[in-house]
Amino acid sequence: MKNVSSIESLTVKEIDRIIEMAWEDRTPFEAIKYQFGVSEAETIRLMRKTISRSSFNLWRKRVNSNVSQKHLAKGAHQGSRFKCTQQKSISLNKIAKRSK
């Protein structure tokens with residue numbers, strides 16, 4: 001797990017990816033911690049330091065709203081997501097296009 005001092009040693013590419021993941025409503029903070037070792041508090045600190053104040057305020061408002069699913073405890077990630085029974089992986093899709 002990275003600590004506050006190691007956040008300073010993140011590469012630009014890693015910081016960009018953390019910010020991108022933080023902006024996504026369906027990516028939980030736990031995924032960021034798992035991939036980069038950066039906790040929720042450290043992610044918030046990084047966002048505050050990196051993006052503009054107005055963007056940060058909008059992001060925090062959205063994260064704290066009922067729309068965001070940034071925490072696994074909210075239950076959005078507990079069950080499985082809808083998947084069509086005919087869906088196959090993209091490379092093995094055998095369903096032909098229907099003609100009109």
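These are my notebook entries on a predicted model of one protein chain.

**Ground rules**

I number residues from 1 along each chain as its sequence is written, and I work with heavy atoms for side-chain values, with hydrogens and water left out. Since the model is predicted, I take local features at pLDDT of at least 70 and side-chain atom pairs at pLDDT 80 or more, while totals for chains, interfaces and linings use all residues.

**Entry 1: the whole chain**

I looked up the secondary structure and found 5 helices and 0 strands. Helices (H or I, at least four residues) and strands (E, at least two) are DSSP runs, numbered from the N terminus. Along the sequence I read the pattern α-α-α-α-α.

I then looked up burial. Of the 100 residues, 27% count as buried. Buried means under 20% relative accessible area, exposed means over 50%, and partly exposed is in between, with a 1.4 Å probe and protein chains only.

The accessible surface comes to about 7700 Å², and 54% of it belongs to carbon and sulfur atoms. These areas come from the Shrake-Rupley method with a 1.4 Å probe; for residues, only the protein chains shown count as cover.

Residues 24 or more positions apart account for 57% of them.

**Entry 2: salt bridges**

How many salt bridges does the structure hold? I find 3. The rule is a side-chain nitrogen of Lys or Arg within 4 Å of a carboxyl oxygen of Asp or Glu. Side chains of opposite charge can pair when their charged atoms come close.

E20 and R17 meet through their side chains at 3.4 Å, N to O. Both are in helix α2, and because they are 3 residues apart, about one helical turn separates them. R17 also pairs with E24, where the closest N and O atoms are 4.0 Å apart. I note R17, E20 and E24 as linked in a network of salt bridges.

I looked up the accessibility of the three residues. E20 is partly exposed at 42%, R17 is partly exposed at 30%, and E24 is partly exposed at 31%.

Another bridge joins the side chains of D25 and R62 at 2.7 Å, N to O. D25 has a relative accessible area of 27% and R62 has 23%, so I list D25 and R62 as partly exposed.

**Entry 3: T27 in the loop**

T27 sits in the loop between α2 (12-23) and α3 (29-36). Is T27 buried or exposed? T27 counts as buried because its relative accessibility is 14%.

The side chains of T27 and E24 make a polar contact of 2.5 Å. A polar contact is a pair of N or O atoms within 3.5 Å; within protein, one must be able to donate a hydrogen and the other to accept it, and residues adjacent in sequence count only if both atoms are side-chain atoms. Setting aside neighbours within four places in sequence, I find T27 in contact with M21 and K70.

**Entry 4: helix α3**

Which residues of α3 are buried? They are F29, I32 and F36. Seen down the axis of α3, they fall within an arc of 55°, so they line one face of the helix. The arc is that of the directions from the helix axis to the C-beta atoms. These buried residues pack against α2, α4 (40-50) and α5. Just after α3, I note a positive phi of about 75° at G37.

**Entry 5: aromatic rings**

I counted rings of Phe, Tyr and Trp (its six-membered ring) as paired if their centres lie within 6.5 Å; planes under 30 degrees apart are stacked, over 60 edge-to-face, and the rest tilted. The count comes to 2 aromatic pairs.

The rings of F29 and W59 have centres 6.3 Å apart and planes at 85°, so this pair is edge-to-face. F29 is in helix α3 and W59 in helix α5, so the pair ties together parts 30 residues apart in sequence. F29 is buried at 2%, and W59 is buried at 0%.

The rings of F56 and W59 have centres 5.9 Å apart and planes at 45°, so this pair is tilted. Both lie in helix α5, 3 residues apart, about one turn of the helix. F56 is buried, as is W59. I record F29, F56 and W59 as one aromatic cluster.

How values were computed
Contact = heavy atoms within 4.5 Å.
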